[in-house]
Amino acid sequence: MTGVCVTQSPIKIEAKAETPRDRLAALGIDLPPAPPPIANFVTHVVEGNMLYLSGQGPREANGFMHTGKVGVDVSVEQAYEDARLTGVNLLAVMNEALGDLSRVKRVVKLLGMVNASPDFKDHPQVINGCSDLFNDVFGEAGRHARSAVGFGSLPGNITVEIEAIIALQD
């Protein structure tokens with residue numbers, strides 16, 4: 001993975017890491033360029049003081065996409081990492097849209113979709129990969145409402161897709 005540090009458990013950030021950019025640096029994460037849309041849509045829309053992020057997947061900076069059915073050929077632990085990587089991609093889109101992650105007032109809501117087998121039950125543990133990252137990067141402003149649901153398939157057979165709604169500073 002080029003420029004992305006992914007861990008299974010949340011890392012506690014030192015108190016001196018004041019800005020989201022500082023916290024990313026403390027986590028060892030260099031944001032990649034924002035992934036381009038894969039169809040006829042835009043990656044984000046700003047409306048008033050809200051930023052709506054289109055769904056992103058577990059795309060490495062080199063373009064490699066993590067694929068597979070969680071609960072069949074992908075473990076919960078690997079899917080957690082995929083959700084964390086998806087969070088990095090959402091942060092890259094946020095950064096491109098806003099120019100500065102410090103403009104984020106609050107992460108309002110995430111919708112996490114897991115490409116899962118019909119009997120899979122651990123959707124929340126998978127999407128925690130993104131939630132833990134947002135909490136590490138934004139602190140209290142990263143705590144959000146969330147849905148974590150299973151799907152019979154996702155585009156390109158990716159393991160997870162996550163979209164977000166973000167409130168912006170006035």
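**View 1. Helices α1 and α3 pack against each other at an angle of about 120 degrees, with their axes 7 Å apart.** This is a predicted model, in which local features need pLDDT of at least 70 and side-chain atom pairs count only at pLDDT 80 or more, while totals for chains, interfaces and linings use all residues. Residues are numbered from 1 along each chain as its sequence is written, and side-chain values use heavy atoms, with hydrogens and water left out. Helices (H or I, at least four residues) and strands (E, at least two) are DSSP runs, numbered from the N terminus. Axes are lines fitted to C-alpha atoms, for helices over the stretch in contact, and angles run from 0 to 180 degrees between N-to-C directions. The two helices α1 and α3 are therefore oblique to each other; angles under 35 degrees count as roughly parallel, over 145 as roughly antiparallel, 65 to 115 as roughly perpendicular and the rest as oblique. On the α1 side, the contact (heavy atoms within 4.5 Å) is made by Pro 20, Arg 23, Leu 24 and Leu 27. On the α3 side, look for Leu 133, Asp 136, Val 137 and Phe 138.

**View 2. Helix α3, residues 123-138, bends by about 40 degrees at Gly 129.** The bend at a residue is the angle between axes fitted to the seven residues ending there and the seven starting there. From its first C-alpha to its last, α3 reaches 23 Å with its 16 residues, close to the 22 Å expected at 1.5 Å a residue. That expected span is 1.5 Å times one less than the number of residues. Of the 16 residues of α3, 12 are buried, so this helix is largely enclosed by the rest of the structure. Here buried means under 20% relative accessible area, exposed over 50%, and partly exposed in between (1.4 Å probe, protein chains only). Among the buried residues are Val 126, Ile 127, Cys 130 and Phe 134. The buried residues of α3 pack against α1 (20-27), α2 (76-98), β3 (104-115), β4 (145-151) and β5 (160-168). Just after the helix comes Gly 139, with a positive phi of about 65 degrees.

**View 3. His 123 lies in helix α3.** His 123 is buried, with a relative accessible area of 13%. Leaving out residues up to four places away in sequence, His 123 touches Val 114, Ala 116, Ala 148, Val 149 and Gly 150.

**View 4. Five strands line up as an open sheet in the order β1-β2-β5-β3-β4, with mixed pairing.** Strands β1 (44-47) and β4 are the edges, each pairing on one side only; two strands pair if DSSP finds at least two bridges between them. On average, neighbouring strands of this sheet are turned by 15 degrees against each other, direction ignored. Helix α2 packs on the sheet and touches β1, β2, β3 and β5, its direction making about 140 degrees with that of β2. Helix α3 packs on the sheet too, touching β3, β4 and β5, and its direction makes about 160 degrees with that of β3.

**View 5. Strands β1 and β2 form a hairpin with two residues between them.** Four bridges join β1 to β2 (residues 50-56), and the two strands run antiparallel. You can follow the pairing at His 44, which stands opposite Leu 53 in β2, and at Val 46, which stands opposite Leu 51. In the turn, Gly 48 has a positive phi of about 60 degrees.

**View 6. Thr 43 sits in the loop between α1 and β1.** Its relative accessible area is 9%, so Thr 43 is buried. Setting aside its neighbours within four places in sequence, Thr 43 is in contact with Pro 35, Pro 36, Pro 37, Tyr 52, Leu 53, Ser 54, Gln 56 and Val 93. The C-alpha atoms of Thr 43 and Asp 22 are separated by 25 Å, and these residues are 21 residues apart along the chain.

**View 7. Helix α2 has 23 residues and reaches 32 Å from its first C-alpha to its last.** That is close to the 33 Å expected at 1.5 Å a residue. Because 18 of its 23 residues are buried, α2 is largely enclosed by the rest of the structure. Gly 99 follows α2 and has a positive phi, near 80 degrees.

**View 8. Asn 157 lies in the loop between β4 and β5.** Its phi is near 65 degrees, a positive value in a residue other than glycine. With a relative accessibility of 39%, Asn 157 counts as partly exposed.
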